[in-house]
Amino acid sequence: MIQADRDRLVSEFIELVKIDSETGNEEKISVVLKAKFEALGFTVVEDDAKEKTGHGANNLICTLEGTKEGVDPIFFNSHMDTVVPGKEIKPQIEDEIIRSDGTTILGADDKAGIAAIIEMVRLLKDYDIDHGQIQVVLTVGEESGLIGAKALNATFIDAKYGYAVDSHGDVGGLIVASPTQAKFEITCHGKTAHAGVAPEEGISAITLASKAISKMKLGRIDEDTTANIGRFEGGKATNIVSDEAVVIAEARSLVPEKLDRQIEQIKDACRQAEEEVGGSIDVDVTIMYKGYKHDEHTQVVKVASQAARRVGLEPQLKATGGGSDANVISSYGFPMVNLCVGYKNIHTPEEEISISEMMKISSLLAGIVIEAAEEGSA
Ligand SMILES: [Zn+2]
């Protein structure tokens with residue numbers, strides 16, 4: 001059985017989390033990562049994400065030539081940025097669990113993913129494992145709304161399918177479905193008037209917005225679909241009939257047709273409210289990222305499930321309600337699964353990861369490379 005080298009893995013992880021890389025400030029970490037992957041035998045290219053996003057660095061696309069012919073090339077993906085507060089992180093190890101000193105995040109999201117990928121490459125050498133071409137796509141700006149992945153020059157990826165190493169949850173968990181997310185900016189236009197002297201001359205944008213909201217299906221719509229009003233703004237003073245109200249909302253679904261239906265439902269609610277109250281409503285819909293859904297027979301899922309069993313884990317196929325770089329990169333035509341890395345309480349100072357989970361994810365990645373090589377070319 002393939003087993004990660006505990007001390008090597010931990011020291012790699014500790015080194016990475018000590019390099020500040022709050023989202024937008026990826027300069028330092030990207031230089032380090034480029035050097036590390038080159039030292040591991042990869043050819044590293046940069047795209048032009050820095051210019052497109054204003055972030056600290058470009059995305060890195062690292063390529064390791066295969067040692068075996070006739071294998072579909074695969075890729076792994078992690079992000080090099082962290083959320084805030086992520087400066088001068090002081091990792092502590094206690095009872096085989098790694099945490100920060102409580103004043104910052106730990107940054108296991110997603111440096112544990114990167115450390116596991118590096119350990120996997122070392123394991124390929126330790127165990128003399130034959131493999132096809134492996135690419136590693138390291139993005140900037142994931143924590144700023146996936147903007148690095150959105151700016152990624154995907155022509156550098158020649159892998160056939162891939163794995164994001166970037167989900168909370170116990171190792172063995174495979175995120176095989178993630179929703180498409182739509183964002184709504186709903187602007188309600190009324191007509192201003194003095195609320196005490198001539199209210200009948202006004203149309204309250206707040207009343208109009210409330211009426212529209214009351215007609216919207218919100219919350220959990222069905223097992224695949226959710227919708228939520230996230231913000232409501234409008235009005236100036238009690239003696240003024242408000243002429244503008246803005247509602248910010250979102251909807252998500254694992255099934256594209258259901259999301260389309262939900263978008264229509266929200267637009268219909270607005271049209272009915274216009275008829276009843278007067279005034280007008282502009283509904284602006286933006287697709288923030290696209291979803292994906294794979295069944296157990298897809299190559300990308302099969303390889304990961306078999307790999308999990310190979311390294312002694314029970315694969316758990318799961319859907320998530322959230323989005324990650326996997327949503328964006330898979331929309332470029334590369335089927336992806338997001339792997340659970342085992343970190344907990346991410347985006348808080350209580351973030352933590354156990355060393356045993358880090359070891360498991362490293363061997364799972366090596367298992368994936370082995371299974372992909374055995375699978376050959378589908
Ligand atoms: Zn992450």
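The model described here is predicted.

The domain assignment places residues 6-178 and 291-376 in domain 1, and residues 180-289 in domain 2. Domain 1 is therefore written as two stretches of the chain, because the assignment gives it as 6-178 + 291-376, with bounds that come from an automatic or database domain assignment. The C-alpha centres of the two domains lie 39 Å apart. Contact between them involves 13 residues of domain 1 and 7 residues of domain 2.

How many salt bridges does the rule find across the interface of domain 1 and domain 2? The rule finds 1. A salt bridge joins the side chains of Asp-224 and Lys-293, with 4.0 Å from N to O.

**The zinc site**

Which residues coordinate the zinc ion? They are His-79, through NE2, and Asp-109 and Asp-166, each through OD, at 1.9 to 2.2 Å. In sequence, these donor residues follow the spacing H-x29-D-x56-D. The two aspartates link distant parts of the chain: Asp-109 lies in helix α4 (residues 108-126) and Asp-166 in strand β7 (residues 161-167), 57 residues apart. Both Asp-109 and Asp-166 are buried.

**Aromatic pairs**

The structure holds 4 aromatic pairs. Two of them are set out in the table.

| Pair | Centre to centre | Angle between planes | Arrangement |
|---|---|---|---|
| Phe-37 and Phe-42 | 5.2 Å | 85 degrees | edge-to-face |
| Phe-75 and Phe-334 | 5.9 Å | 80 degrees | edge-to-face |

The pair of Phe-75 and Phe-334 links distant parts of the chain, 259 residues apart. Phe-75 lies in strand β3 (residues 74-79), while Phe-334 lies in the loop between α9 (325-330) and β16 (336-340).

Are Phe-75 and Phe-334 buried or exposed? Phe-75 counts as buried because its relative accessibility is 0%. Phe-334 has a relative accessibility of 9%, so Phe-334 counts as buried too. In the other tabulated pair, Phe-37 counts as buried because its relative accessibility is 0%, and Phe-42 counts as buried because its value is 4%. The cut-off used in this reasoning is that buried means under 20% relative accessible area.

Ring pairs also link Phe-76, Tyr-161 and Tyr-163 into a cluster.

Gln-92 lies in strand β4, which covers residues 92-94. Why is Gln-92 described as partly exposed? The reason is its relative accessible area of 38%, because partly exposed covers the range between the buried limit of 20% and the exposed limit of 50%.

Which residues are in contact with Gln-92, leaving aside its neighbours within four places in sequence? They are Ile-97, Ile-98, Arg-99, Ser-100 and Asp-101. Gly-102 is 10 residues from Gln-92 along the chain, and the C-alpha atoms of Gln-92 and Gly-102 are separated by 9.7 Å.

Technical notes
Residues are numbered from 1 along each chain as its sequence is written. This is a predicted model: local features need pLDDT of at least 70, side-chain atom pairs count only at pLDDT 80 or more; totals for chains, interfaces and linings use all residues. Side-chain values use heavy atoms; hydrogens and water are left out. Donors are N, O and S atoms within 2.8 Å of the metal (3.2 Å for Na, K and Ca); water is not among the atoms, so sites may look incomplete. Helices (H or I, at least four residues) and strands (E, at least two) are DSSP runs, numbered from the N terminus. Buried means under 20% relative accessible area, exposed over 50%, partly exposed in between (1.4 Å probe, protein chains only). Rings of Phe, Tyr and Trp (its six-membered ring) pair if their centres lie within 6.5 Å; planes under 30 degrees apart count as stacked, over 60 as edge-to-face and the rest as tilted. Contact means heavy atoms within 4.5 Å.
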